[in-house]
Amino acid sequence: MKSDKHARGSRMYRASGSLTGFLALAAFAMPLLASVAVQAQQAAQNLTPEQKAKIEEMRKKRKQQANPNAANDEQPRQNPKAGRKGTPPDTAQKPVMQKPAPQVLSPKKWTPPPAAAKTITPPPKLPAAANQNLQDKNLQDKKRRPTVVRKPGTPPNLDAHAPAGNPPRRAFNPAYPVAPGAVNAPRAINPAFPPAPQAVKPGSPKALQPAADSARRHPPGAPPPNLEAIKQQRQQIVSKRSNAVVIKEPDSRVIVKRNNRTIITHNESNRFRRVAPNAQVERRNGQNVTVIQRPNNVAIYNITDDNGQLVRRYRRGPDGREVDIIDNRRNKSKWRRNLAIGLGVGAGVVAGAAILNSMVDVPPPHVGVSRDKYIVDYDDADEEEVYEAFSAPPVDRIERRYTLDEVRATPNLRERMRRVDLSDINFETGSWEVDESQYQKLERAARAMMRVVDRNPNEVFLIEGYTDAVGSDDDNLTLSDRRAESVAVILSEEFNVPPENLTTQGYGEQYLKIDTYGPERANRRVAIRRITPLISESR
């Protein structure tokens, strides 16, 4: 009994609590609803006749959309207050304000002024005999034209139907064949700075330079390349956070100054796309990949980051096996440190700061060979002496494998390998172009390099550019870097040295061959050395 009473009491208590809460909510909501209703009524009373008419018109439209059949039979709606008692007669029915239709203005047709009548004189008709002779001549030319049969995958002969007397097009280069289905990549040539036109002697072999290639190198209307045009388009960024000065040039070159040291970087893909027009350019995992197809299903991959800094270059065989030619990847801690330096400076500084911070502490090498064999003067050397310098082992011990940036930044590392000074390849002051009359001077160096590459296809040659002490440090850096790239392009385009076996770097006036502050042709030079033992795992 007590438990039943206790249960009934609990239920009554809960019911009374719920009822109390409901009453409290109702007591709170009723005044709020009443105030809302009063405000709505006041707002309705404050409406102007035009607003009421618009509301009534909107109601009619909604009703017609809901019941279109009834809308056709509906009579004009009367004011419900018209028939009520006490309603003034003038308010029995209020007019509905109609929105005036917009006025459409038709455009006037422009009639040109009457032009003076021109008298068109028809061409004179040829005699029947002349027409017959012309048709016979066209038929004979068509019969003499040969039929070109081309195998699938081979490049078309664009000169098969060329008229007599026209210069031939560029010859097909067997080192860079056209892969089936390959997409031509855009040329890495800045239209604002095309290569300067070169004078050609009538009797020289270069007199047969292709017309299409000449138009590509020298676009019509473009200014000739010069240092002043580059200086006008430079952009300088100063970062107090990283204590670095960054100078950007229009063709993706970046000069970075930090802690009294200066370095220049360039886009490693531009030279590839210039010498290999059939290269494919792709974007993979935030990196730029340039692919060059080779015979026997072999491909060369050149991978760069967003700043054009080389990450990796390798060869992929028909079995899918990859062989590194240059592996410029760093360990994570060092890469993060280099990345932190570049924050706040802008694009391009990461690559420059990475090279500046890549200098390693190694002692100068102990050179045990004669000076003429350690530094070969190209002007007085034959092909065998050049080949010996390119194929010789390091002059001193190498502790480990180094990255390409470490080799570029550390002179004591580079000096462990012999070098060849191209002393007879000269440049004019303020110029990086090599005159075509000097192309044949590079033939001995190209043959020696190809002998080394035939022995090991993964060899790497560093082409270094230098200037004299005339001019500013920034101008000399960009001149030296462009001179090294010009020689690399000539070696690939004229002598078929594979571009994957070459890399370039400019050093400005840092290493003068003749110690003078005046203009000196011997200091405006290019040097070549083999660096494979420095960057390869198998030394």
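In which sense do strand β7 (residues 298–304) and β8 pair, and over how many bridges? They pair in the antiparallel sense, over six bridges. Bear in mind that this is a predicted model, where local features need pLDDT of at least 70, side-chain atom pairs count only at pLDDT 80 or more, and totals for chains, interfaces and linings use all residues. Residues are numbered from 1 along each chain as its sequence is written, and side-chain values use heavy atoms, with hydrogens and water left out.

**The sheet**
- Five strands make an open sheet in the order β5-β6-β7-β8-β9, with antiparallel pairing.
- β5 (280–284) and β9 sit at the edges, each pairing on one side only.
- Strands here are DSSP runs (E, at least two residues), numbered from the N terminus, and two of them pair if DSSP finds at least two bridges between them.

**Around β8**
- Six of the seven residues of β8 (residues 310–316) are buried, so the rest of the structure largely encloses this strand.
- Buried means under 20% relative accessible area (1.4 Å probe, protein chains only).
- Arg 313 in β8 is the bridge partner of Asn 302, and Ile 326 in β9 is the bridge partner of Arg 313.
- β8 also pairs with β9 (residues 322–327), antiparallel over five bridges.

**The turns**
- The hairpin of β7 and β8 has five residues between the strands, and Gly 308 takes a positive phi near 85°.
- β8 and β9 form a hairpin with five residues between them, where Gly 320 in the turn has a positive phi of about 85°.

Note on methods. Buried < 20%, exposed > 50% of the residue type's maximum accessible area, 1.4 Å probe, protein only. Helix = DSSP H or I, 4+ residues; strand = E, 2+ residues; numbered from the N terminus.
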